[in-house]
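Trainee: I have a model on my screen and would like to learn to read it. Can we go through it feature by feature?

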Amino acid sequence: MNYSVTMEAAWTVRDVKTVDDAIGVAISEAGKRFHPKLSFVDIEVGSIVCPNCGEEADAAVLVAGTGLVGLIFSMKVFDAESEEHAARIAKSMIGRALKRVPLRVIEVAEWNG
């Protein structure tokens, strides 16, 4: 079976002045670690929902020039034995490239492509 695996990561960025800068640097740094071997991994900024108003916003915060950005990584896994197997494959591949970046699988979906 083929699966689409989506993970979230907590990415720390130092010496930035704005949240937008932190997001840009985080995406750029992650992309560099994936290129060229894992250039098929899609990178997006995660989102959070305000518990009070329900508004959606980018998952990024800036404190004392240090940003914490929630990134979403998606990739296709081919010929996996199960959803769990696909998640392990994706986490292993992405985890090797990102060394010491916390990762959590948030979705595994069967993919017919």
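Trainee: In what order do the elements of the protein chain run from the N terminus on?

Mentor: First, a word on the source. This is a predicted model, where local features need pLDDT of at least 70, side-chain atom pairs count only at pLDDT 80 or more, and totals for chains, interfaces and linings use all residues. Residues are numbered from 1 along each chain as its sequence is written, and side-chain values use heavy atoms, with hydrogens and water left out. Now the elements. Helices (H or I, at least four residues) and strands (E, at least two) are DSSP runs, numbered from the N terminus. Here the order is β-α-β-β-β-β-β-α-β. That gives 2 helices and 7 strands.

Trainee: What does the C-alpha trace of the protein chain span along its principal axes?

Mentor: About 45 × 35 × 20 Å.

Trainee: How many of the residues in the protein chain are buried?

Mentor: Start with the cut-offs. Buried means under 20% relative accessible area, exposed means over 50%, and partly exposed lies in between (1.4 Å probe, protein chains only). Of the 113 residues in this chain, 33% are buried. T6 is a case to look at. It sits in strand 1, residues 3–14. T6 counts as buried because its relative accessibility is 11%. S74 belongs to strand 6, residues 66–77. S74 is buried too, at 18%.

Trainee: Which residues does T6 touch?

Mentor: A contact means heavy atoms within 4.5 Å. Leave out residues up to four places away in sequence, and T6 touches I72, F73, S74, R104, V105, I106 and E107. By that rule, S74 touches V5, T6, F40, V41 and D42. Now take the protein chain. Of its contacts with a separation of 6 or more, 72% are between residues 24 or more positions apart.

Trainee: How many salt bridges does a search of the whole structure find?

Mentor: The general idea is simple. Side chains of opposite charge can pair when their charged atoms come close. A salt bridge is a side-chain nitrogen of Lys or Arg within 4 Å of a carboxyl oxygen of Asp or Glu. The search finds 1. It joins the side chains of R104 and E8, at 2.5 Å from N to O. R104 lies in strand 7 (residues 103–110) and E8 in strand 1, so the pair ties together parts that are 96 residues apart in sequence. R104 is partly exposed at 48%. E8 is partly exposed at 28%.

Trainee: Which residues gather in a patch of negative charge on the surface?

Mentor: Rules first. Patches are made of residues with over 30% relative accessible area and no salt bridge; like charges are joined within 9 Å, and nonpolar side chains (Val, Leu, Ile, Met, Phe, Trp, Tyr) within 5 Å. Lys and Arg count as positive and Asp and Glu as negative, while His and the chain ends are not counted. A charge is placed at NZ of Lys, CZ of Arg, CG of Asp or CD of Glu. The negative patch holds D20, D21, E56 and D58. Helix 1 (19–34) and strand 4 (56–58) each supply at least two of its residues. D58 is in strand 4. At 42%, D58 is partly exposed.

Trainee: Which residues make the nonpolar surface patch?

Mentor: Areas come from the Shrake-Rupley method with a 1.4 Å probe; for residues, only the protein chains shown count as cover. V61, V63 and L68 make a patch of about 250 Å². V63 is in strand 5, residues 60–63. V63 is exposed, at 55%.
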